Amino acid sequence: MFKSWLWAFATVSSRTLHIAWDEAGCLCPVGDLFNYAAPDDDTLLEDEDTAELTNYQQKNGMTNSSERLTDGGYEDCNAYCLYARKNYKKGEQVLLAYGTYTNLELLEHYGFLLGENPNEKTFIELDLDICSVGTWPKDSMYIHPNGHPSFALLCALRLWSTPTNRRKAVSHQVYSGSMLSTENEMGIMKWLINKCEGTLQQLPTTVEFDDSLLVLLRTIQNSSNCRADAKRSGFEQEFAVFLRFHRAEQDCSGNSLLPFRLMRSVERWELAVQWRCNYKKTLKKCISYCEGLVHELPLQLNQQ
């Protein structure tokens with residue numbers, strides 16, 4: 001059954017731990033209970049904690065955890081070792097880094113999102129000639145959560161917008177991250193504005209729609225009359241489609257609460273809407289950032 005396969009895939013994807021000799025991973029009792037903390041410089045140990053833990057690791061032949069992107073691994077001692085990146089106090093929740101993931105990857109593999117993810121990336125569709133103009137990997141060309149283009153995306157666009165016969169002459173400037181000219185930079189910013197605006201226009205919903213839908217979904221999860229809430233919010237049609245998809249019209253009628261199975265589906269729906277809403281908001285931030293630079297660059301040139 002397809003549903004059985006989905007269960008098995010979700011189990012392997014979300015519960016297994018990495019081992020070198022089997023790409024499926026392994027199940028590790030207790031090891032799969034820890035919630036996630038994104039690997040980031042801020043999560044590294046303080047100096048005193050680092051010295052204390054390093055001494056302990058050296059004494060016991062362990063690897064330095066500050067060198068890790070993940071907080072665990074199967075080691076030579078024939079055991080799966082898990083490492084804390086700080087000294088935890090009694091009663092604190094112990095968090096582990098499973099690896100570097102964007103929010104979409106976390107949602108796909110583990111079923112949750114982070115409000116603030118230092119590894120979050122927003123991708124826009126790029127033509128092949130932009131991706132191949134330099135040596136930057138495609139997955140390094142993205143937009144940061146604050147709307148700023150990544151270093152690789154900015155460099156690639158600077159080189160791509162340069163005439164072909166001049167690219168070799170300016171490549172050293174581009175790879176060092178230097179702005180080529182005010183005209184070149186303004187052209188890049190305008191291209192990004194148009195690209196983000198075009199992407200937003202092609203999407204079936206808006207930020208305002210998604211924000212309103214999120215309010216409804218959170219209300220429904222605490223509601224005694226899910227249909228009435230959907231009707232009042234103006235999302236009656238979307239909610240009816242959701243019920244039909246789950247073949248559950250009969251399970252949500254009158255003043256009844258949502259059944260547990262449907263409640264879990266609503267929770268997943270909320271996470272999907274939350275991700276797509278954040279995606280759109282990042283594109284809007286990029287538009288604002290680029291518009292600000294388009295306005296400032298000529299002023300800086302005149303001051304010079």
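Mentor: One term to start with: buried means under 20% relative accessible area, exposed over 50%, and partly exposed in between, with a 1.4 Å probe and protein chains only. Keep in mind that this is a predicted model, where local features need pLDDT of at least 70, side-chain atom pairs count only at pLDDT 80 or more, and totals for chains, interfaces and linings use all residues. Residues are numbered from 1 along each chain as its sequence is written, and side-chain values use heavy atoms, leaving out hydrogens and water.

Trainee: OK, is Trp136 buried or exposed?
Mentor: Trp136 counts as buried, at 11% relative accessibility.

Trainee: And how many aromatic pairs are there?
Mentor: The structure holds 14. Rings of Phe, Tyr and Trp (its six-membered ring) pair if their centres lie within 6.5 Å; planes under 30 degrees apart count as stacked, over 60 as edge-to-face and the rest as tilted.

Trainee: What kind of pair do Trp136 and Tyr175 form?
Mentor: A stacked one, 4.6 Å centre to centre with 20° between the planes.

Trainee: How exposed is Tyr175?
Mentor: Tyr175 is partly exposed, its relative accessible area being 37%.

Trainee: What about Trp160 and Trp191?
Mentor: Those two pair edge-to-face, 5.7 Å centre to centre and 65° between the planes. Trp160 counts as partly exposed at 24% relative accessibility.

Trainee: Switching topic, which residues do ring pairs link into a cluster?
Mentor: Tyr36, Tyr98, Tyr101, Tyr110 and Phe112.
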